[in-house]
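Please look over the structure shown below, and keep it in view while you read the briefing that follows.

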Amino acid sequence: MKNKRILVIIFVCAALCVYAAKPLLLEEPTLKSVLSSKFLIGVALNSAQITGCDTNAVKIIKRHFNSVVAENCMKCQAIHPEENRYDFRLADKFVKFGEDNNMFIIGHCLIWHSQLALWFCVDKNGENVSPEILKTRMKNHIYTIVGRYKGRVKGWDVVNEAIMEDGSYRRSRFYEILGEDFIPLAFQYAHEADPDAELYYNDYNMHATGKRNAVVKLVNEMKTKGLRIDAVGMQGHLGMDYPILKDFEQSILAYASTGVNVMITEWDMSALPAVNHTANISDTLAYKKVLNPYPDFLPDSVSKRWNSKMADYMNLFIKYSNVISRITAWGVSDGDSWKNGFPVRGRKDYALLFNRKYQPKEFVKKLLKEPLKLDRDK
Ligand code: XIL
């Protein structure tokens, strides 16, 4: 009798344990679940995703990511097309999407020479405006946008792509009119508009020594002036043979040495051959084939190399997760990637973490299985 009772108790306990463990067993790992102790894992959203039309992508975004950035709709051209006209329709939806899904929302970007509304730096005759007028325009632009999303957008790419690879300042209209001051001014205005928002300097080719030294100097100078800067954003548009991982690592260390965080803000890796920008790419059919070698699918050998290199980068990011606070992929699936159109239009690239069928790439699958030990099978 006693034995029978003990057996019953053991049976009930075992059943309870299995029941309690069941939800755990059912919950498949996601990027955010495996990486949340390391850094935020974000993604850039296009308009089809923001409006919910691309339901496949939206599922992935909600499942795997805990941070979002707008790929285009907060850029000056889109959000402030004329001096007295803002268009917040898509940006409002983007911010709501992030809030509804408890995501860390990033604003991209406040001051950038590209995708800049035509009116911004010039007068009616197309001549550069005076420094005072440009300062007022920058202030209004930043106050209005940052102010509108105050407390909701948690971090801003304040200035994008202002320094060249050799460390010199880009000769943008902002620079022509205001000199180096336009950068600290933009940060000052952004901080005044939302004192709680994180503020970032963001740029590409951040592994390059000249740019690295100049950005380190810039950050140090801004800190000396008492301006808020929370992170340096390394865009992270990579190629299969570019950059050298060691250079990228050196830059992570250099930016972190200033005391700010590092973020990988626009991560992707083109699987296609790099392009010489000066080449006349419409020369011959053969040349076009060389530039767009995988119009149907990515061969296994290339895919293996691509995955192995992406794993190397993810391992590097994990290694430095004490200073890296966010990784953001520049799009959801390969079909969404800007790399299909840049720097050559009409190529088929394979640059993102999910393929055109919305399936995770091999290195992502491995990461989900064994987060801290990505295999490096070449
Ligand atoms: C790209 C977008 O992905 C494209 O859709 C758009 O046509 C051009 O801009 N650096 C940046 C991003 O900071 O804003 C750019 O995004 C890619 C390069």
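Leaving aside its neighbours within four places in sequence, S67 is in contact (heavy atoms within 4.5 Å) with L40, I41, G42, V43, M103, F104, I106 and R326. This is a predicted model, in which local features need pLDDT of at least 70 and side-chain atom pairs count only at pLDDT 80 or more, while totals for chains, interfaces and linings use all residues. Residues are numbered from 1 along each chain as its sequence is written, and side-chain values use heavy atoms, with hydrogens and water left out.

- S67 has its place in strand β2, which covers residues 67-70; helices (H or I, at least four residues) and strands (E, at least two) are DSSP runs, numbered from the N terminus.
- S67 counts as buried because its relative accessible area is 0%, where buried means under 20% relative accessible area, exposed over 50%, and partly exposed in between, with a 1.4 Å probe and protein chains only.
- S168 lies in the loop between β4 and α8 (173-178), and with 28% relative accessibility S168 counts as partly exposed.
- When residues up to four places away in sequence are not counted, S168 touches A162 and I163, and the C-alpha atoms of S168 and K211, which are 43 residues apart along the chain, are separated by 7.7 Å.
- S257 is found in the loop between α11 (245-256) and β8 (261-269), and S257 is exposed, with a relative accessible area of 57%.
- The C-alpha atoms of S257 and V216 are separated by 8.4 Å, although these residues are 41 positions apart along the chain.

**The protein as a whole**

- The protein has 14 helices and 9 strands, and 51% of its 378 residues count as buried.
- Among the contacts in the protein with a separation of 6 or more, 77% are between residues 24 or more positions apart.
- The accessible surface of the protein comes to about 18,400 Å², and 54% of this surface belongs to carbon and sulfur atoms; accessible areas come from the Shrake-Rupley method with a 1.4 Å probe, and for residues only the protein chains shown count as cover.

**Pockets**

- Rolling a probe the size of a water molecule over the atoms shows where empty space is left.
- On a 1 Å grid over the protein atoms alone, a cavity is a set of points where a 1.4 Å probe fits but cannot get out, whereas a pocket is an open set with protein on both sides within 12 Å along at least five of seven lines, and lining residues have an atom within 4 Å of a point.
- The largest pocket has a volume of about 930 Å³, a volume being the space filled by probe spheres set on the grid points, which are joined across faces, edges and corners.
- Of the 43 residues that line the largest pocket, H237, W338, K339, F342 and P343 are the closest to its centre.
- The lining of the largest pocket takes at least two residues from each of β3 (104-112) and β7 (237-238).
- By class, the lining of the largest pocket has 19 nonpolar, 14 polar and 10 charged residues, where Ala, Val, Leu, Ile, Met, Phe, Trp, Tyr, Cys and Pro count as nonpolar, Asp, Glu, Lys and Arg as charged, and the others, Gly among them, as polar.
- The second largest pocket holds about 400 Å³ of space, and of the 18 residues that line this pocket, L298, S303, D334, N355 and K361 are the closest to its centre.
- Helices α13 (300-319) and α14 (362-369) each supply at least two residues of the lining of the second largest pocket, and the largest share, 5 residues, comes from α13.
- The lining of the second largest pocket has 5 nonpolar, 4 polar and 9 charged residues.

**Cavities**

- There are 3 cavities of 30 Å³ or more, and the largest cavity has a volume of about 40 Å³.
- Residues that line the largest cavity include I111, W112, H113, V159 and N160, and β3 and β4 (155-160) each supply at least two residues of this lining.
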